[in-house]
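Okay, everyone, let me put today's model up on the screen.

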Amino acid sequence: MKITNMMKLMVAVWFAIIGIINQATAQTVWLDELDLSAATQGYGVPMKNKSNEGKTFTIAGENFERGFGTHAVSSLMILLEGKAASFTAKVGLDDEVKGQQPAVEFEIYGDGKKIWSSGIMKLGDAARPCSVQLNGIQKLELVVADGGNGNYYDHANWVDAKFETSGVTTFKTYNPIASEPYILTPKPSDKPRINSAKVFGVRPRSPFQYLVAATGDRPMTFAASGLPKGLKIDANTGLITGVLAKPGTFKVTLTAKNAKGKAEKQLRIECGDRIALTPPMGWNSWNCFAHEVSADRVKRAADAMVKSGLINHGWTYINIDDFWENHRDSKDQSLRGKLRDDAGYIIPNSRFVDMKPLADYVHNLGLKIGLYSSPGPWTCGGCVGSYGYEKQDAESYAKWGFDYLKYDWCSYGNVINGLPENDPYKVSSLSYNGGGELATAQKPFKVMGDYLQQQPRDIVFSVCQYGMSDVWTWGGSVGGNCWRTTNDITDTWVSVKNIALDQDKSAPYAKPGNWNDPDMLVVGHVGWGNTHPSKLKPDEQYLHISLWSLFSAPLLIGCDMEKLDDFTLNLLTNDEVIEINQDPLGKQATCLQTIGDLRIYVKELEDGSRAVGFCNFGVEIVDIDYTDFAKLGINGKFNVRDLWRQADICTIKTGADKLDIKVPAHGVVLYKLTPAK
Ligand code: GAL
């Protein structure tokens, strides 16, 4: 048969039609073609077709050109809208983290249900194939979970990952956590309101300093009736100073007056052996300036504490972290110099020169000042520590006028391991060896704790050894006023969430004078020497501040104080939220009920009321009619107040009424329930 041109054309058209039909019914969409920036992950940024170090993906020696490189804990949400038939990929840890021991688990969730898991994967495991049918699934979540060994140094790869679809050519990815900042709290009234703590502890013969922190229009005049002998108040600033000679409890009535009105508050002064009767509130240089701190930056932070008005809400301490000391081998000449004088007294580095005038400057603003050291020969940053010179250091801090010491384990592990006897300061590596025996773990803190208590001023002692040896059970016995319960915080959801979920075990040990410290706040501009706006989403920040308040945690702002924006100020100046943190009963909230991803934290307050945090750790909004009050130990008739909005919501009778609760994803609803008459 002769093939005519016409026949050729018909065949070509036929194949074209088949092609079009095929395209409409089956289409491959590669994961790496989607917008991966919507992923949230433990640290770093989502990588497309490159490993976390920018190389070709390699899993157990096998190379892959295409894929998504991420870090646990990671989540990528993909909107499928029922249009994907299947997903296939290979998963595994990238060989480039050689020397580490990461463990992760790759998981896939379809409309909230787990539909596939890789099982625990370790470095060196061959890439595991994954193949799932997706018929009808609307929302898909690709997760890399921590494999349970606490080692987060992982580079986790989804490679050769693709969808077969019924014709669509792409999918939208999304981050379910709202990203627009929103302000919930009304501005403080122009009438006076006294916000400083209701109880204050001081030791006999120590210099007394308590500021009547108050919001409201200026000028304002202050008074205090019932002040014990030895104390006086400055009517213009509200600063109470002096010295108490003998122990005792003193009830004082504070007043603040301006053109718009008058406020009154009862203050209980406890003169005895306990200080920090409410959690310390202030600022610390580490989370913003890290190794770049200087006296000038510290002064500017103190100025900003006043100028921003934070001082009027009770924020007090200006704490210098590591790098005020001289460094063992830094190339930065401003950190190099003689470490100690001939009598063993520490010499600050050239960025600080003289500590006393700096402390005076901060005190003159009505604030207090703190600093940092390590019981080891070197601090975590490689500056000189207190090992062997604890007495001289405690004396220096007191002589300069410091009010707070953070004492950070760092190289003390080397002391336990055995320092070279001829020159312990030759040790250059850090060891986080936790102390093993309890007595060994406690010893360095007891040594410094005792020296601090011998000083003629009150110095809050902040123990920092990252929660080793269940420090909450003994931190108070070595003189600690607070102790870190965790490793360093970062401004990621994973970090804040993991720390938050780990606090219940230490909660029973918190009490006035002894606080669990889940590390500093990561709101505002943070960044350890190179600041950026906190990566936490607005709802995550509300949750962070609410939880740290419920936890009775020391509240130490970690941001650049000169870059405070309205949203951050709103977070840090809600006096009703701060009051939860500063409640004189000093109880720490614990989680009393879990409903799916919702955890309900309850903190008992001195006046018989309860602060209740409905905390949503999940990615979907929680919308419930809540009735389980008995599970929270709450029975009777209660007035419900929304603390972030500072608004009364309703009165409820437990057993009869429901509370309508709507909690945003990664967000919080923080209520105070007060018994109703
Ligand atoms: C870490 C500590 C941080 C910071 C840093 C200074 O060990 O946890 O909060 O103080 O040392 O080098």
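**Cysteines, ligand, and one lysine**

Let's start with C410, which is buried, at a relative accessible area of 0% (buried is under 20%, exposed is over 50%, partly exposed is in between, using a 1.4 Å probe and protein chains only). Before I go on, the housekeeping: this is a predicted model, where local features need pLDDT of at least 70 and side-chain atom pairs count only at pLDDT 80 or more, while totals for chains, interfaces and linings use all residues. Residues are numbered from 1 along each chain as its sequence is written, and side-chain values use heavy atoms, with hydrogens and water left out.

So which cysteine does C410 pair with? That's C380: the two form a disulfide with sulfur atoms 1.9 Å apart (the cut-off is a pair of cysteine sulfur atoms within 2.5 Å). The link is left-handed, at -95° about the S-S bond. It ties together distant parts of the chain, 30 residues apart: C380 sits in the loop between β25 (368-373) and α5 (390-400), and C410 in the loop between β26 (404-408) and α6 (412-417). Helices here are DSSP runs of H or I with at least four residues, strands are runs of E with at least two, and both are numbered from the N terminus. The structure holds one disulfide. Two other cysteines, C130 at 3% and C271 at 5%, count as buried.

Now, C380 also turns up around the ligand, in a shell that includes W286, Y372, K406 and D408 (being near means a heavy atom within 4 Å). By class, that shell has five nonpolar, one polar and six charged residues; Ala, Val, Leu, Ile, Met, Phe, Trp, Tyr, Cys and Pro count as nonpolar, Asp, Glu, Lys and Arg as charged, and the others, Gly among them, as polar.

Which distances go with the ligand's oxygen atoms? A polar side-chain atom of D488 lies 2.5 Å from one, D322 has one at 2.9 Å, and for R484 a side-chain N or O is at 3.0 Å. The protein covers 95% of the 310 Å² of accessible area that the ligand has on its own (Shrake-Rupley, 1.4 Å probe).

Last stop, K257, in strand β21 (residues 248-258). K257 is partly exposed, at 47%. K191 is 66 residues away in sequence, but the C-alphas are 8.2 Å apart. Leaving aside neighbours within four places in sequence, K257 is in contact with P192, P219, M220, T221 and K262 (heavy atoms within 4.5 Å).

Technical notes. Polar contact = N/O pair within 3.5 Å; in protein donor to acceptor, adjacent residues only side chain to side chain.
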